Amino acid sequence: MPTSEPQSPAARLSVDTDGHLTFELKKDAAGLVAAVIQQFDTNEVLMLGWMDEEAVRRTLTTGRVTFYSRSRQSYWRKGDTSGHVQWVKSAALDCDGDALLIKVDQVGAACHTGTRTCFEGRDLAAVTGPAGQSGPDAPQEGTV
C-alpha cells in the first residue's frame with residue numbers, strides 16, 4: 001500500500017474559525033507573495049498577481065480570487081468590473097512558503113488587455129535546449 005509523506009503545517013492552506021491563516025507565508029518586504037493563477041482543467045497559466053494575508057484569506061473563504069494591487073494599494077477581486085471572474089478550484093503553497101498556486105475556472109479573459117492569458121502573444125526570443133537532453137553537459141540528478 002503506497003504511503004504519502006505527511007504534509008507540514010505550512011503545506012496546508014486553510015483559515016481557522018477566527019478567520020486567521022493556519023500557515024505562515026514568507027512575504028517580501030512589502031508583505032506580499034506571488035500568486036500564480038492557472039486554469040484548473042487545462043493547466044494553462046493565466047496570470048500572476050500579488051496577495052497579502054488578507055487577500056489569501058478572502059480568496060480561500062469566498063471562492064473568488066482577490067489580489068492586492070501594489071499600484072493602487074488596495075484589494076481587488078478579479079471580475080468585479082470586467083465580469084471575467086476567477087472561481088477558485090484549489091490552492092497550494094510552494095515548498096518554500098513564498099508563492100501560491102491558485103487553480104481557477106476562468107470566465108472570459110484573464111488579462112486586463114482582453115487576451116485569454118497575460119502571457120498570450122508576448123513570447124520572448126530564447127535559446128532552448130532539446131527535450132530529454134543527455135550527455136556530459138546535461139545536468140545530473142541531484143545537482144544544480
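Modeller: The largest pocket has a volume of about 320 Å³. This is a predicted model, in which local features need pLDDT of at least 70 and side-chain atom pairs count only at pLDDT 80 or more, while totals for chains, interfaces and linings use all residues. Residues are numbered from 1 along each chain as its sequence is written, and side-chain values use heavy atoms, with hydrogens and water left out.

Colleague: What makes a set of points a pocket, and how is a volume defined?

Modeller: On a 1 Å grid over the protein atoms alone, a pocket is an open set with protein on both sides within 12 Å along at least five of seven lines, whereas a cavity is a set where a 1.4 Å probe fits but cannot get out. Grid points are joined across faces, edges and corners, and the volume is the space filled by probe spheres set on the points. The second largest pocket holds about 150 Å³.

Colleague: Which residues of the lining lie nearest the centre of the largest pocket?

Modeller: Lining residues have an atom within 4 Å of a point. For the largest pocket there are 15 of them, and Met47, Leu48, Gly49, Trp76 and His112 lie nearest the centre. The elements giving two or more residues to this lining are β2 (45–51) and β3 (66–69); β2 supplies the largest share, four residues. Strands (E, at least two residues) and helices (H or I, at least four) are DSSP runs, numbered from the N terminus.

Colleague: Why is isoleucine 102 called buried?

Modeller: Buried means under 20% relative accessible area, exposed over 50%, and partly exposed in between (1.4 Å probe, protein chains only). Isoleucine 102 has 2%, so isoleucine 102 is buried. This residue lies in strand β6 (residues 99–106). Its contacts (heavy atoms within 4.5 Å), not counting residues up to four places away in sequence, include Ala35, Ile37, Met51 and Val88.

Colleague: What makes arginine 116 and glutamate 44 a salt bridge?

Modeller: The term requires a side-chain nitrogen of Lys or Arg within 4 Å of a carboxyl oxygen of Asp or Glu. For arginine 116 and glutamate 44 the N to O distance is 3.2 Å, and the pair is a salt bridge. Arginine 116 lies in the segment after β6 and glutamate 44 in the loop between β1 (33–39) and β2, so the pair ties together parts 72 residues apart in sequence. Arginine 116, at 27% relative accessible area, is partly exposed, and so is glutamate 44 at 28%.

Colleague: How do you know that glutamate 54 and arginine 58 form a salt bridge?

Modeller: Their closest N and O atoms are 2.9 Å apart. Both lie in helix α1 (residues 53–62), four residues apart, about one turn of the helix. Glu54, Arg57 and Arg58 are linked in a network of salt bridges.

Colleague: Why does aspartate 80 count as partly exposed?

Modeller: Aspartate 80 has 48% relative accessibility, and therefore counts as partly exposed. Its salt bridge with arginine 77 has closest N and O atoms 3.1 Å apart.
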